[in-house]
Amino acid sequence: MACIYLVRHGSTEWNERQLWQGVVDTELSEKGRIQAKAIARFLKGKEISKIFSSPMRRAFETAGIIAQEIGYKWDIVTDFRLRECEIRLWNGKNFEQVLSDHHDVFNEWRTNLFSNVEGAESLGSVQERMYNFLQEIVVHYPNENVIIVSHAIALRMLIAKVLGLMPPAHLNFGLDNASLSCLVAKDGNLRVKFLNVTSEDFPLLSQF
């Protein structure tokens, strides 16, 4: 069964400092580059038809490392819909600072799919653009393995849509840096085959 591999980009210095980065165009750290190579080792030999990526540097660099390591010979396709959520209101802050400085609006944003918070794209908007992209992939690449490299919030909202989860239930699972998740389409329906698998767990997924 073909797999739509969802990859969260490798680690950045902002990730390692636990800072919100949104659409700040950070690049991979050395740790993140090593993580991307680990993903590639798992994906090598999977007959990947297409690699899609957010245009943001940390995602595109992750996609580029994967492409090089697996011998992918075509262009990586970037799509603006795969970018991270715009959260300029709390960019550069850690979780504790966000709660301290923006407690009420932050809770409104993360628990209401259709929040209207200035300086923070609604989760519903993120989910809509991500799911629209996914539907196109399902139509144009049936029975083919594809890779989508994106970001934590964007991918979490996409997976929440597939699972039928409404905020705040999307917070019941995490997506680590350089993690792999897999969606499969069967009989017109999408389902999650595995979720948030990192390099430590790759040996357990040999059957996939």
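**Salt bridges and the annotated site**

Guide: Arg-57 and Glu-27 are joined through their side chains by a salt bridge, with 3.7 Å from N to O. A salt bridge here is a side-chain nitrogen of Lys or Arg within 4 Å of a carboxyl oxygen of Asp or Glu. The two partners belong to distant parts of the chain, 30 residues apart: Arg-57 is in helix α3 (residues 57-70), and Glu-27 is in the loop between α1 and α2 (30-43). Helices (H or I, at least four residues) and strands (E, at least two) are DSSP runs, numbered from the N terminus.

This is a predicted model, in which local features need pLDDT of at least 70 and side-chain atom pairs count only at pLDDT 80 or more, while totals for chains, interfaces and linings use all residues. Residues are numbered from 1 along each chain as its sequence is written, and side-chain values use heavy atoms, with hydrogens and water left out.

Arg-57 is partly exposed at 45% relative accessible area, and Glu-27 is partly exposed at 41%. Buried means under 20% relative accessible area, exposed over 50%, and partly exposed in between (1.4 Å probe, protein chains only). Asp-25 joins Glu-27 and Arg-57 in a network of salt bridges. The whole structure holds 9 salt bridges. One of them pairs Glu-136 with Arg-81, whose closest N and O atoms are 2.9 Å apart. Because Glu-136 lies in helix α5 (residues 123-140) and Arg-81 in the loop between β3 (77-78) and α4 (95-111), this pair ties together parts that are 55 residues apart in sequence.

Thr-12 lies in the loop between β1 and α1 and is buried, at 0% relative accessibility. Its side chain reaches the backbone nitrogen of Trp-14 at 3.2 Å.

An unreviewed UniProt entry lists Arg-8, His-9, Gly-10, Ser-11, Thr-12, Glu-13, Trp-14, Asn-15 and Arg-58 under "binding site". Of this set, Arg-8, His-9, Ser-11, Trp-14, Asn-15 and Arg-58 belong to the lining of the largest pocket. UniProt annotations may be inferred rather than shown by experiment. On a 1 Å grid over the protein atoms alone, a pocket is an open set of points where a 1.4 Å probe fits, with protein on both sides within 12 Å along at least five of seven lines; lining residues have an atom within 4 Å of a point. His-9 is buried, at 1% relative accessibility.

Conventions
Polar contact = N/O pair within 3.5 Å; in protein donor to acceptor, adjacent residues only side chain to side chain.
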